[in-house]
Amino acid sequence: MTGSRPDDRPERTGRAGPTGRTVPTGQIERTGHTVQTERTERTGKEDGTRQLILGHAAAVASTQGLAGISLRGLATDLKLSTSGVFALFGSQEELQLATVQTAVTIYVDHVLKPARALPAGLGRLWRLCESWIAYSRGRVFPGGCFFYSTIAEFDAVEGRVHDALVSAQTGWVTFVEQTVEEARVLGELAEDTDVSQLAFEIIAFLELANAEAVLHDNTIGYTKAARAILGRLRACATDGSPLPPPP
């Protein structure tokens with residue numbers, strides 16, 4: 001009787017499964033690919049849900065404050081499960097922090113990026129002001145400027161949310177000051193321009209316009225702010241030709 005030697009047996013490729021049975025390598029690869037695909041799709045869906053929730057949270061917070069948003073309330077508004085929303089954020093504070101960061105991203109897209117599209121100088125500085133007015137007037141957030149309302153809510157409240165708002169406000173003020181300084185260094189603003197003071201006045205005019213517009217539901221404040229800012233820029237400019245005529 002002739003038997004097969006071990007060397008004559010067909011080679012078995014694969015890995016041992018949990019029962020010790022060899023699973024073909026191709027099947028393992030296909031299974032792994034399927035699992036990875038499902039995981040990617042699940043992550044993408046969760047990210048989409050998270051962004052949906054945060055966009056709505058920022059809109060609500062602009063009118064009701066960050067204290068006015070809750071995991072349960074957002075779930076109800078968006079017809080999502082409360083447990084699912086809780087799983088994405090974990091706590092009210094984490095939700096508030098994520099909402100602030102979302103608002104920062106929206107703010108950058110609507111205010112800073114249009115200004116950055118222009119070369120440094122007086123034209124960029126005025127575009128920054130125009131973009132801010134359009135952002136507030138167009139109610140990107142239903143309650144006007146998100147940060148005007150939420151900073152007033154948390155300015156005297158210590159904690160992580162306060163710190164996140166301070167960071168956002170500091171970043172905005174710094175950007176305005178840098179934009180003013182660029183125009184000064186380029187010689188488009190007088191050399192002795194007080195950069196910090198001019199930036200402060202620009203921001204003050206913009207924020208007062210937002211407050212008046214939201215409170216009285218009108219737009220006259222934006223015209224006043226544009227006129228006031230243009231007056232200050234012309235007073236500091238070495239050549240006012242890049243600026244439009246007063247509205």
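Ring pairs tie Tyr107, Trp132, Tyr135, Phe141, Phe146, Phe147 and Trp172 into a cluster. Here, rings of Phe, Tyr and Trp (its six-membered ring) pair if their centres lie within 6.5 Å, with planes under 30 degrees apart called stacked, over 60 edge-to-face and the rest tilted. This is a predicted model, where local features need pLDDT of at least 70 and side-chain atom pairs count only at pLDDT 80 or more, while totals for chains, interfaces and linings use all residues. Residues are numbered from 1 along each chain as its sequence is written, and side-chain values use heavy atoms, leaving out hydrogens and water.

A search of the whole structure turns up seven aromatic pairs. Take tyrosine 107 and tyrosine 135: the ring centres sit 5.1 Å apart with planes at 80°, so this pair is edge-to-face. Tyrosine 107 belongs to helix α4 and tyrosine 135 to helix α5, so the pair ties together parts 28 residues apart in sequence. (Helices are DSSP runs of H or I with at least four residues, numbered from the N terminus.) Both tyrosine 107 and tyrosine 135 are buried, meaning under 20% relative accessible area with a 1.4 Å probe, protein chains only. Phenylalanine 141 and phenylalanine 146 have ring centres 5.4 Å apart and planes at 45°, so that pair is tilted. Phenylalanine 141 counts as buried at 2% relative accessibility, and phenylalanine 146 is buried at 0%.

Helix α5 also holds serine 136, which is buried at 0% relative accessibility. Its side chain joins that of asparagine 210 through a 2.7 Å polar contact (an N or O pair within 3.5 Å; within protein, one atom must be able to donate a hydrogen and the other to accept it, and residues adjacent in sequence count only if both atoms are side-chain atoms).

Definitions and conventions:
Helix = DSSP H or I, 4+ residues; strand = E, 2+ residues; numbered from the N terminus. Buried < 20%, exposed > 50% of the residue type's maximum accessible area, 1.4 Å probe, protein only.
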